[in-house]
Amino acid sequence: IDDGSSEDYSAILDEYGARVIKTENRGIFRARLLGIEEAAGDYIAFVDSDDTVSFNYHLPMLLSAEERGLDVCFNDWAFHTERTRYVCMADSSISNDFEYTGEDILPKFAKNEGREHSYFVLWNKLFKASVLKKCLEELQPLADTEEKYNYSEDTLICFFAFKLSQAIANVHTGYYFYRIHQNQTINVISEDRLRSHVKYM
């Protein structure tokens, strides 16, 4: 989904045979919902435009999801700054193995009150497409009520995905490198940005 970009990436995308849908700039939340709606595969993964992943990051997640019947599969991640990369071992999804089913899934999502990054972001996961498509029934009305979500769209999508999932688990086969830099939307650089973050949280 090209969400109103001023650049033309069609030549690059053509090399991969990617289907491109160009829209006016409506924000990442609506772009992601449209991507979910239009996706034709069995699984969906998200990678932010300023991040990178280790080689074959998603393949072991796919194999594990198929073998274990998972609706959501997590993998490990690391912070990437201009000077270093470092792994947040305080996050239990990185330091431990887990598998949750049925009614145990949503309480785990809420248990640590936002202190474990892994549960609230989209980019370290592989989702079964059918689960995310069911989430659209809950998410689309939310998108229609707000002009543009700035901060919490990952958490919204993950919440409904976990609510509808029957099995989630993790693997430790690579890293998603989450790049930390000045231009991120999560940075608090003004009073307006802070108020926006608080509102959406």
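Mentor: Before we start, one cut-off: a residue is called buried when its relative accessible area is under 20%, exposed when over 50%, and partly exposed in between. Please also keep in mind that this is a predicted model.
Trainee: Fine, so is Phe 160 buried or exposed?
Mentor: Phe 160 has a relative accessible area of 11%, under the 20% limit, and therefore counts as buried.
Trainee: And which residue does Phe 160 form an edge-to-face pair with?
Mentor: The partner is Phe 159, with 5.0 Å from centre to centre and 80° between the planes. Phe 159 itself is partly exposed, at a relative accessible area of 31%.
Trainee: How many aromatic pairs are there?
Mentor: The count comes to 17 aromatic pairs. One of them joins Phe 109 and Phe 162, whose ring centres are 5.3 Å apart and whose planes stand at 70°, so this pair is edge-to-face.
Trainee: Why does that pair tie together parts that are apart in sequence?
Mentor: Phe 109 belongs to helix 5 (residues 105-111) and Phe 162 to helix 7 (residues 153-164), so the pair connects parts that are 53 residues apart in sequence. Phe 109 is buried with a relative accessible area of 7%, and Phe 162 is buried as well, at 1%.
Trainee: Which residues do the ring pairs link into a cluster?
Mentor: The cluster holds Phe 74, Phe 98, Tyr 100, Phe 109, Tyr 119, Phe 120, Phe 159, Phe 160 and Phe 162.
Trainee: Where is Tyr 100 found, and what is it in contact with?
Mentor: Tyr 100 is in strand 7 (residues 99-101) and is partly exposed, with a relative accessible area of 24%. Setting aside neighbours within four places in sequence, Tyr 100 is in contact with Ile 105, Lys 108, Tyr 119, Gln 166, Ala 167 and Ile 168. The C-alpha atoms of Tyr 100 and Leu 59, which are 41 residues apart along the chain, are separated by 21 Å.
Trainee: What about charges, which ring does the charged end of Lys 125 sit over?
Mentor: The charged end of Lys 125 sits over the ring of Phe 74, 4.7 Å from the ring centre. In another case, the charged end of Arg 85 is placed over the ring of Phe 177, at 3.8 Å from its centre.
Trainee: Changing topic, at roughly what angle do helix 2 and helix 7 cross?
Mentor: The axes of helix 2 (residues 28-38) and helix 7 cross at roughly 35° and come within 9 Å. On the side of helix 2 the contact is made by Ile 28, Phe 29, Arg 32 and Leu 33, and on the side of helix 7 by Glu 153, Asp 154, Leu 156 and Ile 157.
Trainee: How many residues of that contact are nonpolar, and how many are charged?
Mentor: The contact of helix 2 with helix 7 has 5 nonpolar residues and 3 charged ones, with no polar residues.
Trainee: And the largest nonpolar core, which residues have the most contacts inside it?
Mentor: They are Leu 33, Phe 127, Leu 132, Leu 139 and Phe 162, in a core of 28 residues. Helix 2, strand 5 (72-80), helix 5, helix 6 (129-145) and helix 7 are the elements that give two or more residues to this core, and the largest share, 7 residues, comes from helix 6.
Trainee: What does Leu 139 touch?
Mentor: Not counting residues up to four places away in sequence, Leu 139 touches Phe 29, Leu 33, Leu 156, Ile 157 and Phe 160. There is also a second, separate core of 16 residues, which includes Ala 65, Cys 73, Trp 77 and Ile 94.
Trainee: Last topic, the backbone: which residue has a positive phi although it is not a glycine?
Mentor: That is Asn 56, with a phi of about 60°. Most residues other than glycine have a negative phi. Asn 56 lies in the loop between strand 4 (52-53) and helix 3 (59-68), and at 41% relative accessibility it counts as partly exposed.

Terms used: Residues numbered from 1 in each chain as written. Predicted model: local features only at pLDDT ≥ 70, side-chain atom pairs only at ≥ 80, totals over all residues. Heavy atoms only, no water. Phe/Tyr/Trp six-rings, centres within 6.5 Å; stacked < 30°, edge-to-face > 60°. Helix = DSSP H or I, 4+ residues; strand = E, 2+ residues; numbered from the N terminus. Buried < 20%, exposed > 50% of the residue type's maximum accessible area, 1.4 Å probe, protein only. Lys NZ or Arg CZ within 6 Å of the ring centre and 35° of its normal. Axes fitted to C-alpha atoms, helices over the stretch in contact; angles between N-to-C directions. Contact = heavy atoms within 4.5 Å. Nonpolar A, V, L, I, M, F, W, Y, C, P; charged D, E, K, R; others polar. Core = buried A, V, L, I, M, F, W, Y, C linked by side-chain atoms within 4.5 Å.
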